[in-house]
Amino acid sequence: MSTNADERRVLEAVPTGLFIGGTWRAAANGATAKVEDPATGEVLTEVADAAPSDGMDALAAAHSAQPTIAALPPRQRSEILYRAYELLHERADDLALLMTMEMGKPVAEARGEVVYASEFLRWFAEEAVRIDGGYQVAPNGQTRFLTIRQPVGVCVFVTPWNFPLAMGTRKIAPAIAAGCASIIKPAPQTPLTMLAFAQVLADAGLPDGALNVINATDAGGVMEPIIRDGRARKISFTGSTPVGKKLLAQASEKVLRTSLELGGNASFIVLDDADVDAAVEGAMIAKMRNMGEACTAANRFYVQRGVAEEFTAKLAERMGGLKVGRGTEDGVNVGPLIDAKGRDKVTDLVADAVANGASVAIGGQAQDGPGYFYPPTVLTDVPANSRLNHEEIFGPVAPITVVDTEQQALDAANSTEFGLVNYVYTREINRALRIAENLESGMIGLNTGLVSNPAAPFGGVKESGLGREGGRVGIDEFLETKYVAIGYSG
Ligand code: NAP
(Lines give C-alpha, C1' and ligand atoms only; values in the text may rest on other atoms or scores of the structure.)
Protein backbone atom coordinates (compact mmCIF):
# COMPACT_ATOMS: atom_id res chain seq x y z
CA MET A 1 0.00 0.00 0.00
CA SER A 2 1.34 3.45 -0.89
CA THR A 3 1.52 6.22 1.70
CA ASN A 4 0.42 9.82 1.19
CA ALA A 5 4.11 10.73 1.20
CA ASP A 6 4.80 8.29 -1.69
CA GLU A 7 1.94 9.76 -3.67
CA ARG A 8 3.07 13.35 -3.05
CA ARG A 9 6.67 12.52 -4.01
CA VAL A 10 5.59 10.85 -7.27
CA LEU A 11 3.25 13.70 -8.17
CA GLU A 12 5.86 16.34 -7.41
CA ALA A 13 8.41 14.59 -9.64
CA VAL A 14 6.25 14.35 -12.76
CA PRO A 15 6.72 17.13 -15.33
CA THR A 16 3.47 18.96 -16.06
CA GLY A 17 4.37 21.11 -19.08
CA LEU A 18 4.19 20.53 -22.81
CA PHE A 19 7.27 18.71 -24.11
CA ILE A 20 8.22 20.43 -27.36
CA GLY A 21 11.62 20.35 -29.05
CA GLY A 22 13.20 18.75 -25.99
CA THR A 23 12.03 21.53 -23.64
CA TRP A 24 9.29 21.61 -21.02
CA ARG A 25 7.13 24.70 -21.32
CA ALA A 26 3.76 26.20 -20.47
CA ALA A 27 0.93 26.48 -23.01
CA ALA A 28 1.11 29.66 -25.14
CA ASN A 29 -2.02 31.01 -23.46
CA GLY A 30 -1.01 29.75 -20.01
CA ALA A 31 -3.99 27.36 -19.86
CA THR A 32 -3.91 24.31 -17.60
CA ALA A 33 -6.16 21.27 -17.21
CA LYS A 34 -6.98 19.35 -14.06
CA VAL A 35 -6.12 15.67 -13.65
CA GLU A 36 -8.44 13.76 -11.33
CA ASP A 37 -8.11 10.62 -9.21
CA PRO A 38 -11.06 8.44 -10.33
CA ALA A 39 -11.09 6.67 -6.96
CA THR A 40 -11.83 9.88 -5.05
CA GLY A 41 -12.84 12.48 -7.60
CA GLU A 42 -10.13 14.76 -6.16
CA VAL A 43 -7.78 16.82 -8.30
CA LEU A 44 -4.26 15.37 -8.31
CA THR A 45 -2.51 18.14 -10.21
CA GLU A 46 -2.81 20.38 -13.27
CA VAL A 47 -0.99 20.08 -16.57
CA ALA A 48 -0.36 22.54 -19.39
CA ASP A 49 -3.28 22.51 -21.84
CA ALA A 50 -2.09 23.13 -25.40
CA ALA A 51 -3.58 25.74 -27.69
CA PRO A 52 -3.58 25.19 -31.48
CA SER A 53 -0.39 27.30 -31.78
CA ASP A 54 1.38 24.92 -29.36
CA GLY A 55 0.32 22.04 -31.58
CA MET A 56 1.87 23.75 -34.60
CA ASP A 57 5.06 24.37 -32.58
CA ALA A 58 5.18 20.64 -31.81
CA LEU A 59 4.74 19.87 -35.50
CA ALA A 60 7.56 22.29 -36.43
CA ALA A 61 9.82 20.72 -33.77
CA ALA A 62 9.12 17.20 -35.03
CA HIS A 63 9.61 18.29 -38.63
CA SER A 64 12.99 19.84 -37.89
CA ALA A 65 14.08 16.79 -35.84
CA GLN A 66 13.05 14.36 -38.59
CA PRO A 67 16.36 14.43 -40.53
CA THR A 68 18.33 13.97 -37.27
CA ILE A 69 16.44 10.90 -36.09
CA ALA A 70 16.39 9.43 -39.61
CA ALA A 71 20.16 9.87 -39.92
CA LEU A 72 20.99 8.25 -36.56
CA PRO A 73 22.60 4.86 -37.19
CA PRO A 74 20.09 2.06 -36.49
CA ARG A 75 22.30 0.77 -33.70
CA GLN A 76 22.08 4.14 -31.94
CA ARG A 77 18.28 4.24 -32.28
CA SER A 78 18.22 0.71 -30.89
CA GLU A 79 20.41 1.69 -27.94
CA ILE A 80 18.17 4.66 -27.05
CA LEU A 81 15.19 2.30 -26.97
CA TYR A 82 17.08 -0.25 -24.94
CA ARG A 83 18.20 2.39 -22.43
CA ALA A 84 14.58 3.60 -22.15
CA TYR A 85 13.53 -0.02 -21.52
CA GLU A 86 16.00 -0.22 -18.64
CA LEU A 87 14.91 3.13 -17.23
CA LEU A 88 11.26 2.05 -17.28
CA HIS A 89 12.22 -0.92 -15.13
CA GLU A 90 14.26 1.26 -12.77
CA ARG A 91 11.30 3.65 -12.37
CA ALA A 92 8.56 0.99 -12.52
CA ASP A 93 7.28 1.41 -8.95
CA ASP A 94 6.81 5.17 -9.24
CA LEU A 95 5.34 4.93 -12.73
CA ALA A 96 2.87 2.28 -11.61
CA LEU A 97 1.76 4.39 -8.65
CA LEU A 98 1.36 7.44 -10.89
CA MET A 99 -0.69 5.43 -13.38
CA THR A 100 -2.94 4.06 -10.64
CA MET A 101 -3.53 7.55 -9.25
CA GLU A 102 -4.69 9.01 -12.56
CA MET A 103 -6.30 5.95 -14.15
CA GLY A 104 -7.55 3.81 -11.26
CA LYS A 105 -6.29 0.30 -12.04
CA PRO A 106 -4.78 -1.62 -9.10
CA VAL A 107 -1.05 -0.98 -8.63
CA ALA A 108 -0.16 -4.59 -9.45
CA GLU A 109 -1.92 -4.23 -12.81
CA ALA A 110 -0.29 -0.86 -13.40
CA ARG A 111 3.08 -2.47 -12.78
CA GLY A 112 2.12 -5.17 -15.27
CA GLU A 113 1.37 -2.45 -17.80
CA VAL A 114 4.77 -0.84 -17.23
CA VAL A 115 6.41 -4.19 -18.02
CA TYR A 116 4.13 -4.75 -21.05
CA ALA A 117 4.85 -1.20 -22.29
CA SER A 118 8.58 -1.68 -21.79
CA GLU A 119 8.52 -4.81 -23.94
CA PHE A 120 7.60 -2.67 -26.98
CA LEU A 121 10.81 -0.74 -26.37
CA ARG A 122 12.84 -3.94 -26.18
CA TRP A 123 11.14 -5.55 -29.19
CA PHE A 124 11.61 -2.50 -31.41
CA ALA A 125 15.19 -1.99 -30.12
CA GLU A 126 15.74 -5.42 -31.66
CA GLU A 127 13.84 -4.54 -34.85
CA ALA A 128 15.69 -1.22 -35.43
CA VAL A 129 18.80 -3.08 -36.58
CA ARG A 130 16.91 -5.56 -38.79
CA ILE A 131 15.37 -3.14 -41.32
CA ASP A 132 16.38 -4.64 -44.60
CA GLY A 133 16.06 -3.97 -48.32
CA GLY A 134 16.45 -6.10 -51.41
CA TYR A 135 18.18 -6.67 -54.73
CA GLN A 136 16.35 -8.48 -57.48
CA VAL A 137 16.88 -9.47 -61.10
CA ALA A 138 13.96 -8.32 -63.28
CA PRO A 139 12.05 -11.18 -64.93
CA ASN A 140 13.35 -10.16 -68.37
CA GLY A 141 16.91 -9.98 -67.05
CA GLN A 142 17.46 -6.48 -68.39
CA THR A 143 17.18 -4.39 -65.25
CA ARG A 144 17.94 -4.80 -61.59
CA PHE A 145 15.69 -3.70 -58.72
CA LEU A 146 17.15 -2.20 -55.57
CA THR A 147 14.63 -1.91 -52.71
CA ILE A 148 15.22 0.55 -49.88
CA ARG A 149 13.07 0.95 -46.76
CA GLN A 150 12.99 4.45 -45.36
CA PRO A 151 11.23 6.16 -42.44
CA VAL A 152 7.74 7.34 -43.35
CA GLY A 153 8.42 10.76 -41.78
CA VAL A 154 6.78 12.74 -39.00
CA CYS A 155 4.06 10.80 -37.17
CA VAL A 156 1.04 12.00 -35.19
CA PHE A 157 -0.19 9.80 -32.36
CA VAL A 158 -3.43 10.05 -30.38
CA THR A 159 -3.98 7.63 -27.50
CA PRO A 160 -6.74 6.68 -25.02
CA TRP A 161 -6.73 6.64 -21.22
CA ASN A 162 -7.17 2.91 -20.58
CA PHE A 163 -3.51 1.89 -21.08
CA PRO A 164 -1.79 5.26 -20.63
CA LEU A 165 1.74 3.93 -21.17
CA ALA A 166 1.46 0.85 -23.39
CA MET A 167 -0.76 2.49 -26.03
CA GLY A 168 1.98 5.12 -26.32
CA THR A 169 5.05 2.87 -26.41
CA ARG A 170 3.31 0.63 -28.99
CA LYS A 171 3.54 3.61 -31.39
CA ILE A 172 6.57 5.57 -30.16
CA ALA A 173 8.97 2.59 -30.05
CA PRO A 174 8.50 1.50 -33.70
CA ALA A 175 8.61 5.16 -34.81
CA ILE A 176 12.01 5.65 -33.17
CA ALA A 177 13.21 2.27 -34.46
CA ALA A 178 12.26 3.26 -38.02
CA GLY A 179 13.72 6.79 -37.70
CA CYS A 180 10.53 8.84 -37.38
CA ALA A 181 9.97 11.93 -35.22
CA SER A 182 6.56 12.17 -33.60
CA ILE A 183 3.97 14.17 -31.72
CA ILE A 184 1.70 12.43 -29.22
CA LYS A 185 -1.49 13.64 -27.61
CA PRO A 186 -2.38 11.47 -24.61
CA ALA A 187 -5.92 11.31 -23.26
CA PRO A 188 -6.88 14.22 -20.98
CA GLN A 189 -7.76 11.86 -18.10
CA THR A 190 -4.24 10.33 -18.03
CA PRO A 191 -1.54 12.70 -19.31
CA LEU A 192 0.86 12.23 -16.38
CA THR A 193 2.15 8.77 -17.29
CA MET A 194 3.02 9.91 -20.83
CA LEU A 195 4.72 13.06 -19.51
CA ALA A 196 6.82 10.90 -17.18
CA PHE A 197 7.66 8.65 -20.13
CA ALA A 198 8.79 11.61 -22.24
CA GLN A 199 11.34 12.32 -19.50
CA VAL A 200 12.44 8.67 -19.67
CA LEU A 201 13.15 9.02 -23.40
CA ALA A 202 14.94 12.32 -22.91
CA ASP A 203 17.10 10.70 -20.21
CA ALA A 204 17.75 7.79 -22.58
CA GLY A 205 19.29 10.21 -25.09
CA LEU A 206 16.50 10.72 -27.64
CA PRO A 207 17.38 13.80 -29.75
CA ASP A 208 15.40 16.96 -29.02
CA GLY A 209 12.17 17.17 -31.01
CA ALA A 210 12.10 13.46 -31.90
CA LEU A 211 9.17 13.07 -29.47
CA ASN A 212 6.82 15.91 -28.57
CA VAL A 213 4.02 15.52 -26.04
CA ILE A 214 1.06 17.87 -26.04
CA ASN A 215 -1.82 17.49 -23.67
CA ALA A 216 -4.90 19.23 -25.11
CA THR A 217 -8.46 19.27 -23.83
CA ASP A 218 -9.48 20.81 -27.17
CA ALA A 219 -8.40 17.61 -28.95
CA GLY A 220 -10.00 18.39 -32.31
CA GLY A 221 -9.01 22.06 -32.34
CA VAL A 222 -5.36 21.25 -31.67
CA MET A 223 -4.93 18.05 -33.69
CA GLU A 224 -6.90 18.76 -36.86
CA PRO A 225 -4.57 21.54 -38.13
CA ILE A 226 -1.58 19.25 -37.50
CA ILE A 227 -3.19 16.40 -39.42
CA ARG A 228 -4.27 18.62 -42.32
CA ASP A 229 -0.93 20.51 -42.55
CA GLY A 230 0.95 17.99 -44.70
CA ARG A 231 4.30 18.05 -42.86
CA ALA A 232 3.24 14.98 -40.87
CA ARG A 233 3.15 11.87 -43.08
CA LYS A 234 1.46 9.39 -40.79
CA ILE A 235 -1.23 9.22 -38.15
CA SER A 236 -1.68 6.36 -35.72
CA PHE A 237 -4.73 6.48 -33.47
CA THR A 238 -5.97 4.23 -30.68
CA GLY A 239 -9.43 4.97 -29.40
CA SER A 240 -13.09 4.71 -30.27
CA THR A 241 -14.40 3.90 -33.74
CA PRO A 242 -16.35 7.18 -34.20
CA VAL A 243 -13.25 9.30 -33.48
CA GLY A 244 -11.13 6.98 -35.66
CA LYS A 245 -13.47 7.56 -38.60
CA LYS A 246 -13.22 11.32 -38.10
CA LEU A 247 -9.42 11.19 -38.11
CA LEU A 248 -9.42 8.92 -41.16
CA ALA A 249 -11.39 11.57 -43.04
CA GLN A 250 -8.98 14.31 -41.91
CA ALA A 251 -5.98 12.18 -42.88
CA SER A 252 -7.37 11.72 -46.37
CA GLU A 253 -6.76 15.37 -47.23
CA LYS A 254 -2.98 14.92 -47.46
CA VAL A 255 -3.20 11.12 -47.88
CA LEU A 256 -1.42 10.31 -44.60
CA ARG A 257 -0.44 6.73 -43.89
CA THR A 258 -3.07 5.73 -41.33
CA SER A 259 -3.13 3.11 -38.58
CA LEU A 260 -6.27 2.75 -36.47
CA GLU A 261 -6.71 0.61 -33.36
CA LEU A 262 -10.39 1.07 -32.60
CA GLY A 263 -13.20 -0.34 -30.53
CA GLY A 264 -13.99 -4.02 -30.02
CA ASN A 265 -16.94 -6.23 -29.14
CA ALA A 266 -15.20 -9.50 -28.29
CA SER A 267 -17.14 -12.68 -27.87
CA PHE A 268 -16.03 -15.35 -25.40
CA ILE A 269 -17.22 -18.74 -26.62
CA VAL A 270 -17.22 -21.79 -24.34
CA LEU A 271 -18.17 -25.03 -26.08
CA ASP A 272 -19.41 -28.27 -24.53
CA ASP A 273 -16.04 -29.99 -24.74
CA ALA A 274 -14.11 -27.13 -23.09
CA ASP A 275 -12.09 -27.40 -19.91
CA VAL A 276 -14.52 -25.31 -17.85
CA ASP A 277 -12.04 -24.38 -15.13
CA ALA A 278 -9.57 -23.16 -17.74
CA ALA A 279 -12.37 -21.23 -19.44
CA VAL A 280 -13.30 -19.53 -16.14
CA GLU A 281 -9.62 -18.66 -15.58
CA GLY A 282 -9.40 -17.21 -19.10
CA ALA A 283 -12.69 -15.34 -18.67
CA MET A 284 -11.38 -13.65 -15.53
CA ILE A 285 -8.49 -12.25 -17.55
CA ALA A 286 -10.45 -11.44 -20.72
CA LYS A 287 -13.21 -9.76 -18.71
CA MET A 288 -11.57 -8.30 -15.63
CA ARG A 289 -8.15 -7.11 -16.87
CA ASN A 290 -8.21 -3.35 -16.50
CA MET A 291 -11.69 -3.54 -14.83
CA GLY A 292 -13.11 -4.48 -18.23
CA GLU A 293 -11.90 -1.17 -19.69
CA ALA A 294 -10.02 -2.75 -22.58
CA CYS A 295 -10.71 -2.91 -26.30
CA THR A 296 -9.92 -6.62 -25.99
CA ALA A 297 -12.34 -7.16 -23.08
CA ALA A 298 -14.77 -10.06 -23.46
CA ASN A 299 -18.03 -8.21 -24.10
CA ARG A 300 -20.40 -11.12 -24.84
CA PHE A 301 -20.26 -14.67 -23.47
CA TYR A 302 -21.76 -17.46 -25.60
CA VAL A 303 -21.76 -20.69 -23.61
CA GLN A 304 -23.00 -24.03 -24.92
CA ARG A 305 -25.88 -25.49 -22.94
CA GLY A 306 -24.03 -28.55 -21.63
CA VAL A 307 -21.54 -26.46 -19.63
CA ALA A 308 -23.54 -23.25 -19.16
CA GLU A 309 -24.67 -23.86 -15.59
CA GLU A 310 -21.23 -24.91 -14.35
CA PHE A 311 -19.43 -22.06 -16.17
CA THR A 312 -21.90 -19.42 -14.93
CA ALA A 313 -21.74 -20.59 -11.32
CA LYS A 314 -17.96 -20.74 -11.26
CA LEU A 315 -17.54 -17.38 -13.00
CA ALA A 316 -20.02 -15.70 -10.65
CA GLU A 317 -18.19 -17.15 -7.64
CA ARG A 318 -14.80 -15.88 -8.87
CA MET A 319 -16.16 -12.45 -9.86
CA GLY A 320 -17.99 -12.13 -6.55
CA GLY A 321 -14.75 -12.81 -4.63
CA LEU A 322 -12.93 -9.80 -6.09
CA LYS A 323 -12.14 -6.85 -3.83
CA VAL A 324 -13.24 -3.44 -5.10
CA GLY A 325 -11.41 -0.30 -3.94
CA ARG A 326 -8.81 2.36 -4.60
CA GLY A 327 -6.05 0.73 -6.64
CA THR A 328 -3.36 1.87 -4.20
CA GLU A 329 -4.79 -0.27 -1.36
CA ASP A 330 -3.51 -3.75 -0.58
CA GLY A 331 -5.46 -6.66 -2.01
CA VAL A 332 -7.67 -4.59 -4.31
CA ASN A 333 -8.49 -6.36 -7.59
CA VAL A 334 -10.95 -3.91 -9.10
CA GLY A 335 -10.38 -0.17 -9.16
CA PRO A 336 -12.83 2.58 -10.13
CA LEU A 337 -13.98 3.21 -13.69
CA ILE A 338 -12.35 6.19 -15.38
CA ASP A 339 -15.04 8.81 -14.78
CA ALA A 340 -18.72 9.44 -14.11
CA LYS A 341 -19.51 9.11 -17.83
CA GLY A 342 -17.89 5.67 -17.98
CA ARG A 343 -19.68 4.46 -14.83
CA ASP A 344 -23.05 5.84 -15.97
CA LYS A 345 -22.72 4.09 -19.33
CA VAL A 346 -22.20 0.74 -17.58
CA THR A 347 -25.20 1.47 -15.33
CA ASP A 348 -27.37 2.25 -18.36
CA LEU A 349 -26.29 -0.85 -20.29
CA VAL A 350 -27.05 -3.14 -17.35
CA ALA A 351 -30.43 -1.45 -16.77
CA ASP A 352 -31.29 -1.90 -20.45
CA ALA A 353 -30.41 -5.62 -20.38
CA VAL A 354 -32.43 -6.19 -17.19
CA ALA A 355 -35.40 -4.28 -18.65
CA ASN A 356 -35.18 -6.62 -21.65
CA GLY A 357 -35.37 -9.69 -19.41
CA ALA A 358 -31.78 -10.46 -18.31
CA SER A 359 -31.21 -11.76 -14.76
CA VAL A 360 -28.54 -10.48 -12.38
CA ALA A 361 -26.44 -13.32 -10.92
CA ILE A 362 -24.16 -10.97 -8.97
CA GLY A 363 -23.51 -7.22 -8.81
CA GLY A 364 -25.57 -4.95 -11.02
CA GLN A 365 -25.64 -1.80 -8.91
CA ALA A 366 -23.14 1.11 -9.08
CA GLN A 367 -21.59 2.07 -5.73
CA ASP A 368 -22.32 5.50 -4.29
CA GLY A 369 -19.45 8.02 -4.52
CA PRO A 370 -16.88 9.26 -3.96
CA GLY A 371 -15.15 7.70 -6.94
CA TYR A 372 -16.63 5.88 -9.90
CA PHE A 373 -16.90 2.31 -8.69
CA TYR A 374 -18.96 -0.43 -10.30
CA PRO A 375 -18.96 -3.96 -8.84
CA PRO A 376 -18.13 -7.14 -10.79
CA THR A 377 -21.42 -8.20 -12.39
CA VAL A 378 -22.67 -11.38 -14.08
CA LEU A 379 -25.88 -11.30 -16.11
CA THR A 380 -27.65 -14.36 -17.49
CA ASP A 381 -30.37 -14.93 -20.12
CA VAL A 382 -29.28 -11.78 -21.90
CA PRO A 383 -31.54 -11.13 -24.92
CA ALA A 384 -29.72 -10.66 -28.23
CA ASN A 385 -31.14 -7.19 -28.77
CA SER A 386 -29.76 -5.82 -25.47
CA ARG A 387 -27.51 -2.81 -26.03
CA LEU A 388 -24.58 -4.44 -24.29
CA ASN A 389 -24.41 -7.12 -26.99
CA HIS A 390 -23.80 -4.36 -29.54
CA GLU A 391 -21.87 -1.68 -27.65
CA GLU A 392 -18.59 -1.82 -25.75
CA ILE A 393 -19.42 -2.16 -22.05
CA PHE A 394 -16.00 -0.97 -20.86
CA GLY A 395 -16.74 -2.18 -17.36
CA PRO A 396 -16.72 -5.33 -15.16
CA VAL A 397 -19.92 -6.83 -16.53
CA ALA A 398 -20.14 -10.36 -18.02
CA PRO A 399 -23.37 -10.94 -19.99
CA ILE A 400 -23.94 -14.65 -20.60
CA THR A 401 -26.09 -16.10 -23.37
CA VAL A 402 -26.67 -19.86 -23.67
CA VAL A 403 -26.31 -21.34 -27.17
CA ASP A 404 -27.16 -24.82 -28.44
CA THR A 405 -24.67 -25.25 -31.25
CA GLU A 406 -21.22 -24.21 -32.37
CA GLN A 407 -22.77 -22.53 -35.43
CA GLN A 408 -25.08 -20.45 -33.25
CA ALA A 409 -22.08 -19.23 -31.26
CA LEU A 410 -20.17 -18.42 -34.43
CA ASP A 411 -23.07 -16.54 -36.03
CA ALA A 412 -23.67 -14.55 -32.85
CA ALA A 413 -19.96 -13.73 -32.49
CA ASN A 414 -19.77 -12.42 -36.06
CA SER A 415 -22.97 -10.38 -35.85
CA THR A 416 -21.21 -7.11 -35.09
CA GLU A 417 -19.53 -4.37 -37.08
CA PHE A 418 -16.44 -4.82 -34.86
CA GLY A 419 -13.69 -7.36 -35.48
CA LEU A 420 -10.86 -6.95 -33.00
CA VAL A 421 -10.67 -10.20 -31.04
CA ASN A 422 -12.73 -13.25 -30.08
CA TYR A 423 -12.00 -15.95 -27.50
CA VAL A 424 -12.82 -19.65 -27.89
CA TYR A 425 -12.56 -22.53 -25.46
CA THR A 426 -12.69 -26.05 -26.87
CA ARG A 427 -10.46 -29.13 -26.57
CA GLU A 428 -11.16 -30.43 -30.06
CA ILE A 429 -8.45 -29.33 -32.49
CA ASN A 430 -10.47 -29.57 -35.70
CA ARG A 431 -13.32 -27.61 -34.17
CA ALA A 432 -10.88 -25.01 -32.86
CA LEU A 433 -9.31 -24.48 -36.26
CA ARG A 434 -12.71 -24.36 -38.02
CA ILE A 435 -13.92 -21.67 -35.65
CA ALA A 436 -10.65 -19.73 -35.77
CA GLU A 437 -10.84 -19.65 -39.56
CA ASN A 438 -14.45 -18.45 -39.54
CA LEU A 439 -14.39 -15.81 -36.83
CA GLU A 440 -14.23 -12.32 -38.32
CA SER A 441 -11.56 -10.70 -36.18
CA GLY A 442 -7.91 -9.70 -36.40
CA MET A 443 -7.05 -11.78 -33.32
CA ILE A 444 -8.33 -14.92 -31.62
CA GLY A 445 -7.62 -16.20 -28.13
CA LEU A 446 -7.81 -19.98 -28.40
CA ASN A 447 -7.95 -21.50 -24.91
CA THR A 448 -6.43 -18.30 -23.54
CA GLY A 449 -7.93 -15.06 -22.25
CA LEU A 450 -4.98 -12.86 -23.25
CA VAL A 451 -3.78 -12.04 -26.77
CA SER A 452 -1.74 -8.87 -26.22
CA ASN A 453 1.96 -9.43 -26.76
CA PRO A 454 4.51 -6.98 -28.20
CA ALA A 455 5.97 -9.75 -30.35
CA ALA A 456 2.59 -10.49 -32.00
CA PRO A 457 0.65 -8.47 -34.61
CA PHE A 458 -2.13 -6.68 -32.72
CA GLY A 459 -5.06 -5.21 -34.65
CA GLY A 460 -8.58 -5.55 -35.94
CA VAL A 461 -10.68 -6.00 -39.06
CA LYS A 462 -14.04 -4.47 -40.03
CA GLU A 463 -14.66 -1.30 -37.98
CA SER A 464 -12.05 -2.25 -35.39
CA GLY A 465 -9.21 -0.77 -37.35
CA LEU A 466 -6.52 -0.61 -39.97
CA GLY A 467 -2.98 -1.97 -39.70
CA ARG A 468 -1.15 -3.91 -37.03
CA GLU A 469 0.95 -2.89 -34.06
CA GLY A 470 3.79 -5.03 -32.71
CA GLY A 471 5.17 -8.27 -34.05
CA ARG A 472 7.35 -8.55 -37.15
CA VAL A 473 4.95 -6.38 -39.18
CA GLY A 474 4.79 -3.61 -36.56
CA ILE A 475 7.71 -1.68 -38.00
CA ASP A 476 6.34 -1.83 -41.56
CA GLU A 477 3.70 0.73 -40.59
CA PHE A 478 6.53 3.25 -40.12
CA LEU A 479 8.50 2.51 -43.28
CA GLU A 480 8.06 3.40 -46.94
CA THR A 481 9.39 1.08 -49.59
CA LYS A 482 11.34 2.79 -52.36
CA TYR A 483 12.56 0.91 -55.37
CA VAL A 484 15.34 1.93 -57.71
CA ALA A 485 15.25 0.45 -61.23
CA ILE A 486 18.81 -0.02 -62.43
CA GLY A 487 19.67 -0.35 -66.10
CA TYR A 488 21.89 -3.38 -66.67
CA SER A 489 23.78 -4.28 -69.77
CA GLY A 490 25.46 -7.43 -68.61
P1 NAP B 1 -11.88 8.22 -27.60
O2 NAP B 1 -12.97 8.99 -27.00
O3 NAP B 1 -11.95 7.88 -29.03
O4 NAP B 1 -10.55 9.05 -27.32
C5 NAP B 1 -9.29 8.57 -27.69
C6 NAP B 1 -8.35 9.74 -27.86
O7 NAP B 1 -8.79 10.51 -28.98
C8 NAP B 1 -8.33 10.70 -26.68
O9 NAP B 1 -7.01 11.16 -26.52
C10 NAP B 1 -9.28 11.80 -27.15
O11 NAP B 1 -9.11 13.02 -26.51
C12 NAP B 1 -8.88 11.87 -28.61
N13 NAP B 1 -9.83 12.54 -29.48
C14 NAP B 1 -11.17 12.59 -29.40
N15 NAP B 1 -11.67 13.33 -30.42
C16 NAP B 1 -10.62 13.75 -31.16
C17 NAP B 1 -10.48 14.54 -32.33
N18 NAP B 1 -11.52 15.04 -32.97
N19 NAP B 1 -9.24 14.78 -32.80
C20 NAP B 1 -8.16 14.27 -32.18
N21 NAP B 1 -8.22 13.52 -31.06
C22 NAP B 1 -9.44 13.25 -30.56
O23 NAP B 1 -11.65 6.85 -26.84
P24 NAP B 1 -11.46 6.62 -25.28
O25 NAP B 1 -12.79 6.68 -24.63
O26 NAP B 1 -10.38 7.48 -24.72
O27 NAP B 1 -10.89 5.15 -25.26
C28 NAP B 1 -11.70 4.04 -25.32
C29 NAP B 1 -11.80 3.51 -26.74
O30 NAP B 1 -10.51 3.16 -27.22
C31 NAP B 1 -12.61 2.26 -26.81
O32 NAP B 1 -13.45 2.27 -27.93
C33 NAP B 1 -11.57 1.17 -26.94
O34 NAP B 1 -12.03 -0.01 -27.52
C35 NAP B 1 -10.55 1.85 -27.77
N36 NAP B 1 -9.24 1.20 -27.64
C37 NAP B 1 -8.79 0.46 -28.69
C38 NAP B 1 -7.59 -0.20 -28.59
C39 NAP B 1 -7.08 -1.04 -29.73
O40 NAP B 1 -5.90 -1.34 -29.73
N41 NAP B 1 -7.90 -1.43 -30.69
C42 NAP B 1 -6.83 -0.10 -27.43
C43 NAP B 1 -7.32 0.67 -26.38
C44 NAP B 1 -8.54 1.32 -26.51
P45 NAP B 1 -10.42 13.65 -25.73
O46 NAP B 1 -10.79 12.67 -24.70
O47 NAP B 1 -9.95 14.95 -25.21
O48 NAP B 1 -11.52 13.83 -26.73
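Author: The C-alpha centres of domain 1 and domain 2 are 30 Å apart. An automatic or database domain assignment sets the bounds: domain 1 covers 4–262 + 465–482, and domain 2 covers 266–453. This is a predicted model, where local features need pLDDT of at least 70, side-chain atom pairs count only at pLDDT 80 or more, and totals for chains, interfaces and linings use all residues. Residues are numbered from 1 along each chain as its sequence is written, and side-chain values use heavy atoms, with hydrogens and water left out.

Reader: How many residues does the contact take from domain 1 and from domain 2?

Author: Contact means heavy atoms within 4.5 Å. Domain 1 contributes 27 residues and domain 2 contributes 28 residues.

Reader: How is the size of an interface often given?

Author: It is often given as the accessible area lost when the parts come together. Buried area is that loss, taken with a 1.4 Å probe and summed over both parts. Here domain 1 and domain 2 bury about 2,100 Å² between them, with 57% of it on carbon and sulfur atoms. On the domain 1 side, Pro38, Ala39 and Trp161 lose the most area to domain 2, together 23% of what that side buries.

Reader: What is the count of salt bridges between domain 1 and domain 2?

Author: A salt bridge needs a side-chain nitrogen of Lys or Arg within 4 Å of a carboxyl oxygen of Asp or Glu. The count between the two domains is two. Elsewhere in the list of pairs, the side chains of Arg326 and Asp37 form a salt bridge at 2.7 Å, N to O.

Note on methods: Buried area = accessible area lost by both parts, 1.4 Å probe.
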